[in-house]
Amino acid sequence: MNWNEAGTLLQSHEQRFGGQGRVFTAPARVNLIGEHTDYTGGLVMPMAIDFATTAIISPRSDGRAVIYSTNFDEEISSDIGTPALAPRGHWSDYPLGVVWSLAQEGVTVGGFNMSLAGNVPVGAGLSSSASIEVATAMALLGLMGKELPLKTIATLCRRTENEFVGAKSGIMDQFVVTGAVAGRVMMLDCRSLEFELLPLPEAVRIVVCNSMVKHAVATGAYGDRSDEVNAGQAVLRAERPGIELLRDATLADLEACRDKMSAASFARCRHIISENGRVLEARDALLRADVKRFGELMIEAHVSMRDDFAASCPEVDTLVDIAVRQPGCFGARITGGGFGGCTVNLVEAEKAEDFVEALRREYKSALGISADCFVSAPSDGALALASKGGVQ
Ligand code: GLA
C-alpha cells in the first residue's frame, strides 16, 4: 500500500464512520528456509514482502467494535466484552481474536471503528492471516496509546491464531511481520525469540511464484503434520535425557528412537532436525555472500519438505523443477505451510525478469495454469512502518 492508496482508504473510512482515522500497516512474508521448524523451537529465515494489510482506526463511544473489510465489502459489529467474543469461522475472527488476545495480555480495548484492506493473496502461504492480526494489533495499540515490545505483539497475535482461530501454527509469521526491517532477512530462533537481521547479497533477487493451488493452515493437513511432529517429539523427550523440544535432538537421537514412533513421525522429525541444520548453514552462506551454497540448501530443503515432510504437491514440484533448470537460478523451494501456495526462488539479479517470464511460460505449458510471479525485496515490518507513519 502506498501513500495514495492509504489516503483513499483513510478518506473512505472517514466518510463511512466520521471522525479522524489513523493508518497502520503490516506486510506479508516469505520464508527463505526453515519450514515447519517454528512450533518445535527451531530456526527460520523469513523476510517481509511488499504485500500488506492496512488497518484504519478511530474511536467510538458505545464500546462496540465495528469493522469494515474492503476485501469482503462487509461490515460487522460486535460487543467486545471478552466473554462475548467467540470465533465463528468468519474473516472477523482475526481482528476480533486480536481484541480477545490483547485482553488476555491485560490490554482492554475501548470501542472502535476499523477499516481493513489488504492485497496479500489469500491461501498462497504468504501469511495473509498474520498480516491482518498484526495490522489490527498495531491499530488497537495505537488507539489505546500503548506500545508493546516486538516479542509481546508477535506472541499475542500467535495466540489469536492458535487459541481463537484454532490453527496450530508457530511464531514465525507474526514475528517477522511485526519486526522485519527493509533490505534484511531475519534469522529467528523460535525458542529464545532472538534474531539476527542479515543482508541479502546485491547480486541476487528473491522471486516468489504462486502455484495457484490454495493452501489453508487452519484446516486439515497442516494440523495432521503438527500432530505427527508432536508425537515424535514426545517420544524423543521421554527416551533421551536433555531433549525438551525437537530443536535439541540430533539425527542420531532420532535414529535411536526409530522403533518407538510411527514411520510418519520419524520422517517428519527427520525433516525438522535436518532443516534446523540447513538454516544454520544458510546463515553462514549468507554471511560470506555464497549464493551458490544458499541455493543448494534451498533445493535440499525442498526435497526434504517433499519427501520427508510430505507437504508439497505436484504443481509446486513442477514449479521447482522448471525453476532450477533456468539460467541464473541458484535455488528454489516450496515456502510456507505447504500443500500448495508459493515457491521462493533465489535468482541472479540480472536474470530475474527473464526468469519470471520463463517460469510463467513453462508452467502454463506444463499444467495450463497461469502463475503469479513477482520479484520481492525484503520490506519493513509493522513496527518499522509505524515509525515511518504507517505506509511504505
Ligand atoms: C505456516 C505457519 C507458520 C509455520 C509455517 C511453516 O506459515 O503459520 O507458523 O509453521 O507454516 O514453516
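## Close-up views of a predicted model

**View 1. Ser-127, a buried loop residue with positive phi**. Ser-127 counts as buried because its relative accessibility is 6%, below the 20% cut-off. The model is predicted. Ser-127 belongs to the loop that runs between strand S5 (112-118) and helix H3 (128-144). Its phi is positive, about 70 degrees. Ser-127 is not a glycine.

**View 2. Met-212, a partly exposed loop residue with positive phi**. Met-212 is found in the loop between strand S8 (204-210) and helix H6 (221-239). Phi is near 70 degrees here, a positive value in a residue other than glycine. Met-212 has 37% relative accessibility, so it counts as partly exposed.

**View 3. Ser-92 and its side-chain partner**. Ser-92 lies in the loop between strand S4 (74-79) and helix H2 (93-104). With 0% relative accessibility, Ser-92 counts as buried. Its side chain makes a polar contact of 2.7 Å with the side chain of His-90.

**View 4. Glu-161 in helix H4**. Helix H4 covers residues 150-165 and includes Glu-161. The relative accessibility of Glu-161 is 5%, so this residue counts as buried. Gly-97 is 64 residues away from Glu-161 in sequence. In space, their C-alpha atoms are 7.7 Å apart.

**View 5. Helix H5, enclosed by the rest of the structure**. H5 spans residues 172-179. Eight of its eight residues are buried, so the helix is largely enclosed. The buried residues are Met-172, Asp-173, Gln-174, Phe-175, Val-176, Val-177, Thr-178 and Gly-179.

View 6. The ligand sits in the largest pocket.

**View 7. Ligand oxygen atoms and protein side chains**. A ligand oxygen atom lies 2.9 Å from an N or O atom in the side chain of Arg-29. For the side chain of Asp-38, the distance from a ligand oxygen to an N or O atom is 2.5 Å. An oxygen of the ligand is also 2.5 Å from an N or O atom in the side chain of Tyr-222. Taken alone, the ligand exposes 310 Å². The protein buries 97% of that area.

Notes. Residues are numbered from 1 along each chain as its sequence is written. This is a predicted model: local features need pLDDT of at least 70, side-chain atom pairs count only at pLDDT 80 or more; totals for chains, interfaces and linings use all residues. Side-chain values use heavy atoms; hydrogens and water are left out. A polar contact is a pair of N or O atoms within 3.5 Å; within protein, one must be able to donate a hydrogen and the other to accept it, and residues adjacent in sequence count only if both atoms are side-chain atoms. Accessible areas come from the Shrake-Rupley method with a 1.4 Å probe; for residues, only the protein chains shown count as cover. On a 1 Å grid over the protein atoms alone, a cavity is a set of points where a 1.4 Å probe fits but cannot get out, and a pocket is an open set with protein on both sides within 12 Å along at least five of seven lines; lining residues have an atom within 4 Å of a point. A molecule sits in a cavity or pocket if more than half of its atoms lie within 2 Å of its grid points. Helices (H or I, at least four residues) and strands (E, at least two) are DSSP runs, numbered from the N terminus. Buried means under 20% relative accessible area, exposed over 50%, partly exposed in between (1.4 Å probe, protein chains only).
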